[in-house]
Amino acid sequence: MGKAWQVVLAGAGGQGLVLGGVLLGEAASLHAGKNALQTQSYGIASRGGFSCSEVVISDQEIVYPGVLEPDVALVLTGEALEMYKDAGGEDTILIVDEAVENPGLVGMRFPLEKTARQLGSQAVQNLVGLGVILGLTGMIPPEAMSGAIKERFQGRPGLELNIKAFETGLALAREGKKS
């Protein structure tokens with residue numbers, strides 16, 4: 001019996017966090033044989049307003065669909081950092097994009113946006129973040145996420161870029177390239 005995981009992906013609309021949550025849930029349930037639930041919330045502005053995706057992954061039946069105390073929180077904006085910097089317990093893994101103003105220097109800082117831009121599209125920042133999450137936690141095998149990405153983007157432009165972004169995030173986590 002493995003650990004149940006509660007994951008939060010938080011930032012702004014347009015950063016692909018809802019898609020990231022969906023992909024994480026699909027990877028866990030369809031490719032890793034786990035139970036997964038994904039919920040989302042976002043403001044009235046589809047781009048730029050607050051956006052959040054919550055994913056619960058477990059080997060057991062999931063009885064509550066929300067995240068009560070995150071095991072992992074990926075934050076991509078200052079607003080998200082304010083909301084989640086104290087969420088969870090002392091074992092919560094807080095992953096913060098290095099571009100986020102972070103006066104207290106809380107969390108583990110990774111160059112998510114910068115890496116996505118270097119790959120050619122800021123739109124893959126979510127997949128770089130998912131790579132970091134899986135690289136740090138091992139909550140599901142990386143092959144499960146690669147399978148979900150391939151299914152979601154098969155025959156569509158960007159498949160290779162999305163896979164590369166995810167793999168680059170895995171490498172960032174493995175190499176500990178935090179700033």
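K3 is partly exposed in this predicted model, with a relative accessible area of 44%. The side chain of K3 meets that of D71 in a salt bridge, 3.0 Å from N to O. The pair links distant parts of the chain, 68 residues apart. K3 sits in the segment before β1 (5-12), and D71 in the loop between β3 (50-58) and β4. D71 is buried, at 17% relative accessible area. The cut-off for buried is under 20%, so D71 qualifies.

Five salt bridges turn up in a search of the whole structure. Another one joins K85 and E82, 3.2 Å from N to O. Here K85 counts as partly exposed, at 32% relative accessibility. E82 is exposed, at 53%.

Now follow the strands. Strand β4 (residues 72-75) runs parallel to β5, joined to it by four bridges. Within this pairing, A73 stands opposite L94. β4, helix α2 (residues 78-84) and β5 form a β-α-β unit, and the unit is right-handed. On to β6 (residues 108-110): this strand pairs with β5 over three bridges, again in the parallel sense. I95 has M108 of β6 as its bridge partner. β5 itself (residues 93-97) is mostly covered, with four of its five residues buried.

Helix α3 (residues 112-119) comes next. Its residues L112, E113, T115 and A116 are buried. They lie on the same side of α3, because they cover an arc of only 160° around the axis. What packs over them? The cover of the buried α3 residues includes β4, β5, β6, α4 and α6 (159-175).

E113 also takes part in a salt bridge. Its partner is R117, and the closest N and O atoms are 3.0 Å apart. An α-helix has 3.6 residues a turn, so residues three or four places apart point the same way. E113 is buried, with a relative accessible area of 18%. After α3 comes G120, whose phi is positive, near 120°.

Last stop: helix α4 (residues 125-137), where T137 lies. Is T137 buried or exposed? T137 is buried, at 18% relative accessible area. Leaving out residues up to four places away in sequence, T137 touches W5, V72 and I93. V72 belongs to the range of β4 (residues 72-75), and I93 to that of β5 (residues 93-97). The T137 side chain also reaches the backbone nitrogen of M139, at 3.1 Å.

Definitions and conventions. Residues numbered from 1 in each chain as written. Predicted model: local features only at pLDDT ≥ 70, side-chain atom pairs only at ≥ 80, totals over all residues. Heavy atoms only, no water. Helix = DSSP H or I, 4+ residues; strand = E, 2+ residues; numbered from the N terminus. Buried < 20%, exposed > 50% of the residue type's maximum accessible area, 1.4 Å probe, protein only. Polar contact = N/O pair within 3.5 Å; in protein donor to acceptor, adjacent residues only side chain to side chain. Contact = heavy atoms within 4.5 Å. Pairing = 2+ DSSP bridges. Right-handed = clockwise from strand over helix to strand, strands pointing away. Arc of directions from axis to C-beta. Salt bridge = Lys/Arg side-chain N within 4 Å of Asp/Glu carboxyl O.
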